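Please take the sequence and the model shown below together, and keep both in view while reading.

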Amino acid sequence: AGGIDSVAEFTYKEIEVPAGYFFFKVEVKGLKGGHSGGDIHLGRGNANKILNRFLTRIANNHDLYLCEINGGNLRNAIPREAYAICAVPEDAKHDVRTELNIFASEMEDELSVVEPDLKLILESETPRQTAIDQDTTDRLLKALYAAPHGVYAMSQDIPGLVQTSLNLGILTTSEQCVQASFCVRSSVATQKEMLVARLRCLMVQLGGSVDVSGDY
């Protein structure tokens with residue numbers, strides 16, 4: 001088998017958060033994680049994907065400002081934890097807490113067998129002066145939601161063997177840039193190349209870029 005690292009990048013402008021907004025930190029914790037090669041077929045939760053799913057729900061219902069999003073620490077490990085710092089209008093904070101409880105219940109139903117210790121935590125956060133511009137936030141959340149993760153194809157030669165997969169291993173927010181790092185694996189070189197091309201097509205359509213490295 002071989003692999004390749006693909007890093008999607010979204011640059012953003014810093015904008016001021018208006019007065020009258022409630023700042024909060026939402027965390028996904030307690031997942032099992034595992035190796036992006038050996039454990040990818042087990043259906044374990046990806047903290048980055050779960051977090052993004054919740055943020056997308058909030059953004060669809062409220063005026064969301066995203067200050068930062070971070071998760072995972074190794075490109076080849078299924079992320080166990082992720083967090084984001086956000087702001088919504090003050091009068092929406094109770095709705096957000098309610099929506100987190102509903103979302104947590106849904107995730108428990110979906111992942112109860114493989115992730116019995118999953119936790120979603122929401123806490124108030126010290127106000128920030130700036131956030132990621134909302135156009136970039138919208139495109140970033142869509143890209144992360146649509147990005148594939150997990151098993152893409154099983155081997156046609158060896159029963160039970162994963163042939164092609166990818167893992168959204170790391171999310172990092174730095175000054176004017178959010179990066180999403182994917183580890184793409186396959187025992188068929190052309191499928192590895194196809195998945196990288198698929199990521200690039202998706203990210204470029206949503207205003208991001210993809211850099212590849214470490215092909216082996």
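Ala147, once its neighbours within four places in sequence are left aside, is in contact with Lys49, Phe182, Leu199, Leu202 and Met203, where contact means heavy atoms within 4.5 Å. This is a predicted model, in which local features need pLDDT of at least 70 and side-chain atom pairs count only at pLDDT 80 or more, while totals for chains, interfaces and linings use all residues. Residues are numbered from 1 along each chain as its sequence is written, and side-chain values use heavy atoms, with hydrogens and water left out.

Ala147 has its place in the loop between α3 and β8 (150–154); helices (H or I, at least four residues) and strands (E, at least two) are DSSP runs, numbered from the N terminus. Because its relative accessibility is 5%, Ala147 counts as buried, a class that means under 20% relative accessible area, with exposed meaning over 50% and partly exposed in between (1.4 Å probe, protein chains only). Ala147 and Asn46 are 101 residues apart in sequence, and their C-alpha atoms are 12 Å apart in space.

Helix α3 itself covers residues 134–146, and its 13 residues should span 18 Å at 1.5 Å a residue, which agrees with the 18 Å between its end C-alpha atoms; the expected span is 1.5 Å times one less than the number of residues. The buried residues of α3 are Thr136, Thr137, Arg139, Leu140, Leu141, Ala143 and Leu144. Two of these names, Arg139 and Ala143, return in the surroundings of Leu206, which, leaving aside neighbours within four places in sequence, is in contact with Phe10, Arg139, Lys142 and Ala143. Leu206 lies in the loop between α4 (189–205) and β11 (209–213), and it counts as buried because its relative accessibility is 18%. The C-alpha atoms of Leu206 and Ser155, 51 residues apart along the chain, are separated by 32 Å.

Asn46 and Lys49, both named above, also belong to the account of the largest pocket, which is lined by 13 residues, with Asn46, Lys49, Ile50, Arg53 and His149 lying nearest its centre. The elements that give two or more residues to this lining are α1 (47–61) and α2 (93–111), and α1 gives the most, with four residues. The volume of the largest pocket is about 240 Å³. On a 1 Å grid over the protein atoms alone, a pocket is an open set of points where a 1.4 Å probe fits, with protein on both sides within 12 Å along at least five of seven lines, and lining residues have an atom within 4 Å of a point. Grid points are joined across faces, edges and corners, and the volume is the space filled by probe spheres set on the points. By class, the lining of the largest pocket has four nonpolar, five polar and four charged residues.

Asn46 is also one of the contacts of Ile78, which, leaving aside neighbours within four places in sequence, include Gly33, Gly34, His35, Asp39 and Asn167 as well. Ile78 lies in the loop between β4 (65–71) and β5 (82–89), and it counts as buried because its relative accessibility is 4%.

Strand β9 (residues 162–174) and β10 run antiparallel and are joined by 10 bridges, and two strands pair if DSSP finds at least two bridges between them. Strand β10 (residues 177–186) is mostly covered, with nine of its 10 residues buried. Strand β1 (residues 2–11) pairs with β10 in the antiparallel sense over 10 bridges, with Asp5 opposite Cys183 and Phe10 opposite Val178. β1 is mostly covered too, seven of its 10 residues being buried, and it pairs with β11 in the antiparallel sense over five bridges, where Val7 stands opposite Asp211.

What phi does Gln176 take in the hairpin of β9 and β10? In this hairpin, which has two residues between the strands, Gln176 takes a positive phi near 65°. Most residues other than glycine have a negative phi. Because its relative accessibility is 43%, Gln176 counts as partly exposed.

Conventions. Ala, Val, Leu, Ile, Met, Phe, Trp, Tyr, Cys and Pro count as nonpolar, Asp, Glu, Lys and Arg as charged, and the others, Gly among them, as polar.
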